[in-house]
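User: Here is a model I'd like to go through with you. Could you take a close look at one spot and then work outwards from there?

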Amino acid sequence: MAQEQLPDNKDRTGHYILLKDAEDHRLGMFDKPLPCFGCGIGWFSFLLGFVCPLTWFYATILYFGNYYHKDPRERAGLAASAIAALVCSIVAVITVVSILV
């Protein structure tokens, strides 16, 4: 028999009702901090890429390899690193072409 839910999440006897399944593993999925000092691999690679641009390309491989499916919080940082790798590649190509011409 389904319990009628009142506005304050209590049943008619005054006891609280569970809104979600207590054993649902997705509830605590994002409770743990991200790796790399809590900012995630993507943002860490983005920041470290200004010192060593190869980390942008590493993060791009992770982005296109759908690494963010493990933790969706990584998606923005990996995308930023992929864009930085694209800009770095374009600048490198323009620099090489201008030197050779």
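What relative accessibility does Asn 66 have, and what does that make it count as?

Analyst: Asn 66 comes out at 37% relative accessibility, which counts as partly exposed (buried is under 20% relative accessible area, exposed is over 50%, and partly exposed lies in between, using a 1.4 Å probe and protein chains only). Before going on, keep in mind that this is a predicted model: local features need pLDDT of at least 70 and side-chain atom pairs count only at pLDDT 80 or more, while totals for chains, interfaces and linings use all residues. Residues are numbered from 1 along each chain as its sequence is written, and side-chain values use heavy atoms, leaving out hydrogens and water.

Back to the spot itself. Asn 66 sits in the loop between helix H2 (54–64) and H3 (helices are DSSP runs of H or I with at least four residues, strands are runs of E with at least two, and both are numbered from the N terminus). Its backbone is worth a look too: phi of Asn 66 is near 60 degrees, a positive value in a residue other than glycine.

Tyr 63 and Phe 64 are edge-to-face, at 5.4 Å centre to centre and 70 degrees between the planes (rings of Phe, Tyr and Trp, the last by its six-membered ring, pair if their centres lie within 6.5 Å; planes under 30 degrees apart are stacked, over 60 edge-to-face, and the rest tilted).

Now for the elements on either side of the loop. H2 and H3 pack at about 125 degrees, with their axes 8 Å apart (axes are lines fitted to C-alpha atoms, for helices over the stretch in contact, and angles run from 0 to 180 degrees between N-to-C directions). That makes H2 oblique to H3 (under 35 degrees is roughly parallel, over 145 roughly antiparallel, 65 to 115 roughly perpendicular, and the rest oblique). The crossing of H2 and H3 is left-handed, that is, the near helix is turned anticlockwise from the far one by less than a right angle, where clockwise would be right-handed. On the H2 side, the residues in contact (heavy atoms within 4.5 Å) include Tyr 63, Trp 56 and Phe 57, and they meet H3 residues including Arg 75, Leu 78 and Cys 88. This H2–H3 contact divides into 11 nonpolar, 3 polar and 1 charged (Ala, Val, Leu, Ile, Met, Phe, Trp, Tyr, Cys and Pro are nonpolar, Asp, Glu, Lys and Arg charged, and the others, Gly among them, polar).

Zooming out one step brings in H1. The chain has 3 helices and 0 strands, and H1 packs its buried residues against H2 and H3. Those buried residues are Gly 40, Ile 41, Gly 42, Ser 45 and Phe 46. With H2, H1 makes an angle of about 155 degrees, the axes being 8 Å apart, and that makes the two roughly antiparallel. Ile 41, Ser 45, Phe 46 and Leu 48 of H1 meet Thr 55, Trp 56, Tyr 58, Ala 59 and Leu 62 of H2. By class, that contact has 7 nonpolar, 2 polar and no charged residues.

With H3 (residues 75–100), the axis of H1 (residues 40–48) comes within 6 Å and crosses at roughly 30 degrees, which makes H1 roughly parallel to H3. Here Gly 42, Trp 43, Ser 45 and Phe 46 of H1 touch Ala 76, Gly 77, Leu 78, Ala 80, Ser 81 and Ala 84 of H3. That contact has 6 nonpolar, 4 polar and no charged residues.

One last thing, on aromatics. The whole structure has 4 aromatic pairs. In one of them, Phe 50 and Trp 56 have ring centres 5.2 Å apart and planes at 90 degrees, so this pair is edge-to-face. Phe 50 is exposed at 57%, while Trp 56 is buried at 7%.
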